[in-house]
Amino acid sequence: MRAAVITFPGSNCDRDLLVAMQTCFGRPVARVWHGDSELPPVDLVGLPGGFSFGDYLRCGAIAARSPIMAAVRRHAERGGYVLGICNGFQILTEAGLLPGALVRNAGLKFVCRPVRLAVVNRNSPFTAAYGPEPITIPVAHHDGNYVIDPEGLARLEGEGRIAFRYLDNPNGSTADIAGVLDARGRVLGLMPHPERAVDPLLGSEDGKPLFASLLAAIGGGGAHR
Amino acid sequence: MKALVTIRFKDGVLDPEAVAIGRALQGLGFAEVRSVRREKLIELDLETDDREHARARVGAMCEQLLANPVIESYRIELPDGGPAA
């Protein structure tokens, strides 16, 4: 398992994601600046939460056009793993690596609280370590309202690409969607923050199985493509 | 020359801010307000006088950054002589 976390101007969960990955993977994780045009040799790229470029124009829109995103796209095309959390999810939809878009919460308020989630697809490399019971992970976002057209939604449902659903929808998201996978199941975007739920001190450890799933799927060694 | 890009949510995409504006107007007594749509206006000053070229370039800007085709549509105007696209 070799992983990297990208920092954009305005990212604020990059260190939390780095610490969570290092703790769960048991090895160092690289940091990459958005202006770089190449990734180090890695199996997994993490796009952290935050407010890249101040959420100007649309959330994630400007970050999605950063130099590093061309390298992330090539990584995904090679079958590499990508995990986008919160603003990272917004960046992945803006980059076209995941379908749909994230718009202003239906209630117009910034929502910051633990939410209960159903793990809908438990066969993906991101979710295989989860059991059937609901999990609790915090959300913290103003624009987490997932929008997708009916055909796109039918495709996601038919292909088992809805990874997580809200049990009590906090933002008006279509079909209660909290996280989606790409067609190969190697790119996951989700609004809740698993990296904020990896220690009892944080109030929940329900984020840990996500990282454990990835470690099991990719392997603990240093081998990479 | 100047180019104006107007971006709005596509039909069927709920804009909660527009809904809130509508509710606030009704709360002020403007009961005739049935619904509200919002648009975003981006004004560009371009270093060219070639309208065809400007139209093509601004179209590319919309496709690559200014609008998200998943949820938004856009309209381009070159006001020095009528609408363009």
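Helix 1 of chain A and helix 5 of chain A are oblique to each other, a class left for angles that are not under 35 degrees (roughly parallel), over 145 (roughly antiparallel) or 65 to 115 (roughly perpendicular). The model is predicted, with local features needing pLDDT of at least 70 and side-chain atom pairs pLDDT 80 or more, while totals for chains, interfaces and linings use all residues. Residues are numbered from 1 along each chain as its sequence is written, and chains are lettered from A in the order in which they are written.

The helices pack at an angle of about 60 degrees, with axes 9 Å apart; axes are lines fitted to C-alpha atoms, for helices over the stretch in contact, and angles run from 0 to 180 degrees between N-to-C directions. Helices (H or I, at least four residues) and strands (E, at least two) are DSSP runs, numbered from the N terminus. The contact (C-beta atoms, placed from the backbone, within 7 Å) involves these residues:

| Element | Residues in the contact |
|---|---|
| Helix 1 of chain A | Ala20(A), Met21(A), Cys24(A), Phe25(A) |
| Helix 5 of chain A | Lys208(A), Phe211(A), Ala212(A), Leu215(A) |

In chain B, three strands form an open antiparallel sheet in the order 2-1-3, where strands pair if DSSP finds at least two bridges between them. Its edge strands are strand 2 (39-45) and strand 3 (72-77), and the twist averages 20 degrees from one strand to the next. Seven bridges join strand 1 (residues 2-9) of chain B to strand 2 of chain B; Arg8(B) has Glu39(B) as its bridge partner in strand 2.

Between the chains, 12 residues of chain A are in contact with eight residues of chain B.

Notes:
Two residues are in contact if their C-beta atoms, placed from the backbone, lie within 7 Å.
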